[in-house]
Structure formats: structure tokens, C-alpha cells
Amino acid sequence: MIKEVFIIGIGGAVGSILRYTTGQYIAKHFPHAIPTGTLLVNIIGCLLIGFLIGFFDKQQIINAHWKLLLITGFCGGFTTFSTFAAENYNLITNNQIPQALLYIGLSVILGLLAVWAGLSISRLIA
């Protein structure tokens, strides 16, 4: 268990650093009205997690450490949106459309409400 956590941590650290530097670079060189850096990182992360899942499946790579390092660690550190997208893709391809729509709706609505609640709480105690 400790080895797996360490492997995930290494991948996550590298993914987080790359997310930050990529986002900063994009925001600096391609400023827009929306957070383009985050958007692009999310799309790149989705492409990458899809590729890795397909690659591991096609090559029949069952080494859990590589999956933990690259999918759970790196992609998770780079963007959790990629995991969210992959999970919804699995729900949709397994013909669980209502569950996918519920998951998407709850994630967006509850996520926005949680940010609002966190900000409201911080204003009360600060």
C-alpha cells in the first residue's frame, strides 16, 4: 500500500507541476475572456487519459504500478476533469445515460454551490 501511494504521489506531483506551468504559459501567451489555460489543460488531460486507458487495454498491460503512476497519479494531478470525463464516458458506453447525466449535473451544480458555500464561510470567519 505504501509503495502504491508513493507511486501515485510522484505521478501526481509531476502532473500538478505540469498543469500549473502549462496553464500559466497558455494564460500569458493566449489571454482570453475565459480561463483558456484551464480549459486546454482539461482537454489535454482528457485526451491523455483516454489514450492511456486505451493503450493499456490494447497492449494488455496489467502492471498496476504503471496505471497508478500515469492514470491515477499523473492524470489526476494534471486534471481531475480527465477522470470525470473518463468516468462519464464509461457510464455512457455502458448505456447508463441517466446515471451519467445525474453525475454530470450533480458535479457541476454541487461543485458551484460548494465554491459559493466555501467563500461564504470564509467571509464569515475572516
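This is a predicted model: local features need pLDDT of at least 70, side-chain atom pairs count only at pLDDT 80 or more; totals for chains, interfaces and linings use all residues.
**Entry 1. α2 against α3**

The axes of the two helices come within 10 Å of each other and cross at roughly 170°. An angle over 145 degrees counts as roughly antiparallel, so I noted α2 and α3 as roughly antiparallel to each other.

Next I listed the residues where α2 and α3 touch. On the α2 side I found V41, I44, G45, L48, I49, L52, I53 and F56. On the α3 side they meet W66, K67, L70, I71, F74, C75 and F78. I sorted the residues of this contact by class and got 13 nonpolar, one polar and one charged.

**Entry 2. α1 against α2**

Two packed helices are described by the angle between their axes and the distance between the axes. I looked up both values for the next pair. Helix α1 covers residues 2-29 and helix α2 covers residues 36-58. Their axes come within 8 Å and cross at roughly 130°. The handedness of the crossing is right-handed.

Which residues of α1 meet α2? I found R19, T22, G23 and I26 on the α1 side, and T36, G37, L40 and V41 on the α2 side. By class, I recorded three nonpolar, four polar and one charged residues in this contact.

**Entry 3. T22**

T22 lies in helix α1. Its relative accessibility is 18%, and the cut-off for buried is under 20%, so T22 counts as buried. I then set aside the neighbours within four places in sequence and asked what else T22 touches. The contacts left are V41 and F78. V41 is also on the α2 side of the contact with α1, and F78 is on the α3 side of the contact with α2.

**Entry 4. Aromatic pairs**

I searched the whole structure for aromatic pairs and found five. For F74 and F78, the ring centres are 5.8 Å apart and the planes stand at 10°, so I noted the pair as stacked. Both residues sit in helix α3, which covers residues 64-78. They are four residues apart, about one turn of the helix.

Are F74 and F78 buried or exposed? F74 has a relative accessible area of 15%, so F74 is buried. F78 has a relative accessible area of 4%, so F78 is buried too.

I went on to F81 and F84. This aromatic pair is tilted, with 5.7 Å centre to centre and 45° between the planes. F81 and F84 lie in helix α4, residues 80-93. They are three residues apart and therefore separated by about one helical turn. F84 is buried, with a relative accessible area of 17%.

I also found that ring pairs link F51, F55 and F56 into a cluster. F56 had already come up in Entry 1, where it is among the α2 residues that meet α3.

**Entry 5. E87**

I returned to helix α4 for E87, which lies in it. E87 has a relative accessible area of 35% and is partly exposed. I took the distance from the C-alpha atom of E87 to that of H32 and got 29 Å. Along the chain, E87 and H32 are 55 residues apart.

**Entry 6. N95**

Most residues other than glycine have a negative phi. I found a positive value at N95, where phi is near 60°. Where does N95 lie? I located N95 in the loop between α4 and α5, the latter covering 97-125. N95 is exposed, with a relative accessible area of 63%.

**Entry 7. The whole chain**

Last, I looked up totals. The chain has five helices and zero strands, and along the sequence I read the pattern α-α-α-α-α. The C-alpha trace spans about 50 × 35 × 35 Å along its principal axes. Of the 126 residues in the chain, 23% are buried. I also looked at contacts between residues at least 6 apart in sequence. Of these contacts, 58% join residues at least 24 apart.

How values were computed:
Residues are numbered from 1 along each chain as its sequence is written. Side-chain values use heavy atoms; hydrogens and water are left out. Axes are lines fitted to C-alpha atoms, for helices over the stretch in contact, and angles run from 0 to 180 degrees between N-to-C directions. A crossing is left-handed if the near helix is turned anticlockwise from the far one by less than a right angle, and right-handed if clockwise. Contact means heavy atoms within 4.5 Å. Ala, Val, Leu, Ile, Met, Phe, Trp, Tyr, Cys and Pro count as nonpolar, Asp, Glu, Lys and Arg as charged, and the others, Gly among them, as polar. Rings of Phe, Tyr and Trp (its six-membered ring) pair if their centres lie within 6.5 Å; planes under 30 degrees apart count as stacked, over 60 as edge-to-face and the rest as tilted. Buried means under 20% relative accessible area, exposed over 50%, partly exposed in between (1.4 Å probe, protein chains only). Angles under 35 degrees count as roughly parallel, over 145 as roughly antiparallel, 65 to 115 as roughly perpendicular and the rest as oblique.
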